[in-house]
Every structure is written in C-alpha cells, then in structure tokens.
Amino acid sequence: MPTKKKPQVTATNKPAAAAAPARRRELLDTAAEVFAEQGYNATTVRKIADHAGMLAGSLYYHFDSKESMLEEILRTFLDELWGGYDAVLGADLGPRETLQALVTESFREIDRHRAAVAIYQKESRQLMVQERFAFLAESQRRFEKAWLSTLERGVAERVFRADLDVRLTYRFVRDTVWVAASWYRPGGQHSPEEIARQYLSMVLDGIAVRT
C-alpha cells in the first residue's frame, strides 16, 4: 500500500498563522489612512472594513474595536520614533548636530508613518484625556523635554544665539516639521533626508551663531 506523501511547505502553502502578522499590518495601515482622512470619531469599524474589502464581522477576528486599532497604530509610531530619538540623544552629539539628527529622524518617521503622524496631530489632544491613551501625554512631555534641552544646551554653549527664545523656537521647529505630514507622500521627488536638509538649512541660518 503506497504511503502518503507529507505536504510540502512552499511559498504558496504557508501556514495561515505565518500570514496573520502581515495581514494585521495591512489592516492597520488601512485603518490609519481612514482615521487620518475622516477623523477618529467619524470612522466606524464598517468604514475600515469597507476600505479593506472585507465584512465588518471579519475585522473583529483581528481586532476587538476601533480603539484597539488606533492604540496599536499610535504606539507603533511612537515606539519607532523614540527608538530613533533615544539613539540620537544617547550619541553624545553637540547641540547643533543633535538638532539636525532629531529633525532628520522626524522626517523619517513621517515617511514611515505619515497617516499615524496626521492622526497624532489632529486627535492627540482629545485622546490623551482617556486613560487608554494616557501614553500620548507622557510621550508629549518627553518630546518637549528633548527638544527644549537641546536648544537650551545650544544657547549655553554659544552654538545658538543668546537672545533665542527656546520655547518659541521649539514650537516653531515642531510645528514646521510635523505639519509636513499633511502634504508629504512617500516615494515623492525628495527623500526624507533631503527634506530635512532643506528645512535645517532654513532654520539654522536663523538661529546659529554668526562668526
């Protein structure tokens, strides 16, 4: 009696579990785009499912609510952002180089998570009052401290102008950089690094000490 051959695992015959993380990522990317375009409150699970080409009930197989989806989208973005920021802040760079690296990391995150950045810009203020999204407030405090301390160090070391209002400068740089999420599209004419270089050229010409 012939023995049965064991099924071979090929590129087209992978276990469903192996494809699940990729599908989950796709669904989160779709949800992020819908949240960014329509707003969190106006977005329903059904709308996300429609954009993903599936039934709303099928979406619940992967996520228990739209809140869960939004939390994962924002946590993923912020975890990556702080991975880059912490590497910069721990690199023992001068204040000018730190500022340059932080701006560059910011544009890289916009490139990787444009929709998540747009959501954060629009929704974080109303979300952070909810216990589930309290991590947004903590991240905002860390963000402000990182930028202000860099600018203050630059003034103290006479790299930036002595008359610089560091808080106003922080707000200007922050808003100038992150508002780019409203127009930036990955794969465009300029890379994130090139855009960062152009922004830094404009900013530093105004705050660097003239010799």
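**View 1. Confidence across the predicted chain.** Local features need pLDDT of at least 70 and side-chain atom pairs count only at pLDDT 80 or more, whereas totals for chains, interfaces and linings use all residues. Residues are numbered from 1 along each chain as its sequence is written, and side-chain values use heavy atoms, with hydrogens and water left out.

**View 2. Secondary structure of the chain.** Nine helices and zero strands make up the secondary structure (DSSP runs numbered from the N terminus: helices H or I, at least four residues; strands E, at least two). Of the 211 residues, 43% count as buried, that is, under 20% relative accessible area with a 1.4 Å probe, protein chains only.

**View 3. Packing of helices α5 and α7.** Helix α5 (residues 95–112) packs against helix α7 (residues 134–156) at an angle of about 150°, with the axes 8 Å apart; axes are lines fitted to C-alpha atoms over the stretch in contact, and angles run from 0 to 180 degrees between N-to-C directions. The two helices are therefore roughly antiparallel to each other (over 145 degrees).

**View 4. Residues at the α5–α7 contact.** From α5, P95, T98, L99, L102, V103 and S106 meet W147, T150, R153 and G154 of α7. By class, this contact has five nonpolar, four polar and one charged residues; Ala, Val, Leu, Ile, Met, Phe, Trp, Tyr, Cys and Pro count as nonpolar, Asp, Glu, Lys and Arg as charged, and the others, Gly among them, as polar.

Conventions:
Angles under 35 degrees count as roughly parallel, over 145 as roughly antiparallel, 65 to 115 as roughly perpendicular and the rest as oblique. Contact means heavy atoms within 4.5 Å. Buried means under 20% relative accessible area, exposed over 50%, partly exposed in between (1.4 Å probe, protein chains only).
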